[in-house]
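Colleague: I would like to learn how to read the pockets of a protein model and the surroundings of a ligand. Could we go through one example step by step?

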Amino acid sequence: MSRVKSHPMRGGNAFKLGVFGANADGCLSITNHADRWMADWDDVVAAAQMADRAGLDFFLPLARWKGFGGDTNARHISYETFTFAAALAGLTEQIALFSTVHTLIVPPVYAAKALATVDHASHGRAGLNIVCGWNQPEFDMFGLTKPDQVYDQGKEWFEILTRTLEGGAPFDYKGDYFDLKGVSGAPGSVQDPHPVTLSAAFSPPGRDFAASACDCIFTTFNTHEDARETIADFRARVEKADSNAGVFAPVHVVCRPTTQEAEDYYTAYAVTETDNAAVDQHMAMKKSMSGSHDPKAYDLYRKRFAGGAGTYPLIGTPEQIADEMIALHDLGFGGLALSFVNPKYELPYFLDRVLPLLKKAGIRT
Ligand SMILES: Cc1cc2nc3c(=O)[nH]c(=O)nc-3n(C[C@H](O)[C@H](O)[C@H](O)COP(=O)(O)O)c2cc1C
């Protein structure tokens with residue numbers, strides 16, 4: 001494998017694109033449709049290699065430990081994300097390989113060691129998506145209770161992680177949440193000072209955490225208007241934190257030769273053939289335990305929760321999708337994480353038809 005000269009998430013394309021959620025059944029969708037993604041390992045590898053060869057910037061898994069019930073028990077299948085990234089490191093060449101990690105579940109010293117391992121195995125392509133988490137039934141699997149101030153715990157976790165990734169002399173750490181002795185982490189990461197970081201969050205404390213600690217916030221929006229407000233709010237926090245953090249968002253994509261075909265497929269998998277009981281449970285649990293969406297999303301956008309876990313939809317022809325992406329870039333997004341019903345089936349057309357339009361628009365090379 002060639003040595004990667006620069007990380008795809010640093011420099012490179014002005015507007016970054018990656019695949020999101022391929023480590024779990026359905027990716028972000030909740031459906032009974034025959035095309036439903038089952039996260040079969042060979043399909044995952046095929047999708048990752050397609051994305052890598054086409055020059056997409058990143059491959060990003062979600063972190064899930066339990067399904068959402070219903071006929072499909074959506075998301076009951078998912079691969080652990082450090083080992084996922086490590087396995088893909090040997091099977092891809094250029095693409096950034098993220099791991100998505102719960103700060104409450106994975107100890108920071110273990111996370112640092114695992115992330116450094118992926119960074120070495122991929123010659124500097126590792127990335128970390130930090131999720132402070134929300135899903136108490138998942139925490140119950142580990143005998144854990146979510147603390148009230150989850151981002152205070154997250155800040156300590158992050159400080160320990162980054163110090164461990166330096167791979168230097170052993171250090172002690174004493175905070176409100178961690179009391180650690182003689183922490184060492186050689187060989188540390190290849191990337192200096194540490195691998196690229198996202199923080200998946202929406203709330204004001206989540207935004208402050210991302211602005212002060214991470215390279216990017218990974219956040220949701222309902223409309224362009226909402227996105228404009230969220231980006232302005234986040235930029236004010238970035239300025240206050242004297243950082244340079246950018247904004248990424250997840251979207252779900254159906255790209256077809258005609259608008260009608262795209263809309264018909266969207267309605268088929270996200271309405272007619274959705275798994276309604278799993279959508280109900282997913283929405284109810286998120287509404288009561290997670291601040292990851294603007295509360296009005298639950299009343300207005302059920303189809304989006306079935307279609308892509310409440311993310312923004314990009315449904316249409318290659319031209320319509322490219323235009324939307326250009327508009328989102330112009331609003332201030334640095335990149336999008338794309339979810340498809342079935343990445344192996346959907347990626348070829350998307351890569352072939354949408355990427356050249358983005359190149360022509362000058363936002364990707
Ligand atoms: C774009 C996005 C992606 C997320 N991905 C995950 C995930 O993969 N696993 C998870 O448990 N939580 C995920 N979350 C939830 C966050 O970890 C967090 O618990 C939630 O957003 C509540 O925090 P907040 O109040 O800062 O938004 C995600 C949130 C966002 C906004």
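Colleague: How do the residues of the lining of the second largest pocket divide into nonpolar, polar and charged?

Modeller: One sorts the lining residues by type and counts each group. In this model, which is predicted, the lining of the second largest pocket divides into 6 nonpolar, 4 polar and 3 charged residues.

Colleague: What volume does the second largest pocket have, and which residues are the closest to its centre?

Modeller: The second largest pocket has a volume of about 180 Å³, and of the 13 residues that line this pocket, Met9, Arg10, Lys16, Cys216 and Phe248 are the closest to its centre. If you look at the elements as well, strand 7, which covers residues 196-200, gives the most to this lining, with 3 residues.

Colleague: Let us turn to the largest pocket; what is its volume, and which residues are the closest to its centre?

Modeller: We can read it in the order we used before. The largest pocket has a volume of about 680 Å³, and 35 residues line it, with Val131, Trp134, Ala200, Ser290 and Ser292 the closest to its centre. Two or more residues of the lining come from each of strand 3 (96-102), strand 4 (126-131), helix 5 (150-165) and helix 9 (276-289), and helix 9 provides the largest share, 3 residues. Sorted by type, the lining of the largest pocket holds 18 nonpolar, 13 polar and 4 charged residues.

Colleague: Where does the ligand sit, and how many residues surround it?

Modeller: The ligand sits in the largest pocket, where 21 residues surround it, and the closest of them are Ala63, His102, Tyr151, Phe202 and Ser203. This shell can be sorted by type as well, and it divides into 11 nonpolar, 9 polar and 1 charged.

Colleague: How much of the accessible area of the ligand does the protein cover?

Modeller: On its own, the ligand has 610 Å² of accessible area, and the protein covers 92% of this area.

Note on methods. Residues are numbered from 1 along each chain as its sequence is written. This is a predicted model: local features need pLDDT of at least 70, side-chain atom pairs count only at pLDDT 80 or more; totals for chains, interfaces and linings use all residues. Side-chain values use heavy atoms; hydrogens and water are left out. A residue is near a molecule or strand if one of its heavy atoms lies within 4 Å of it. Accessible areas come from the Shrake-Rupley method with a 1.4 Å probe; for residues, only the protein chains shown count as cover. On a 1 Å grid over the protein atoms alone, a cavity is a set of points where a 1.4 Å probe fits but cannot get out, and a pocket is an open set with protein on both sides within 12 Å along at least five of seven lines; lining residues have an atom within 4 Å of a point. A molecule sits in a cavity or pocket if more than half of its atoms lie within 2 Å of its grid points. Ala, Val, Leu, Ile, Met, Phe, Trp, Tyr, Cys and Pro count as nonpolar, Asp, Glu, Lys and Arg as charged, and the others, Gly among them, as polar. Grid points are joined across faces, edges and corners, and a volume is the space filled by probe spheres set on the points. Helices (H or I, at least four residues) and strands (E, at least two) are DSSP runs, numbered from the N terminus.
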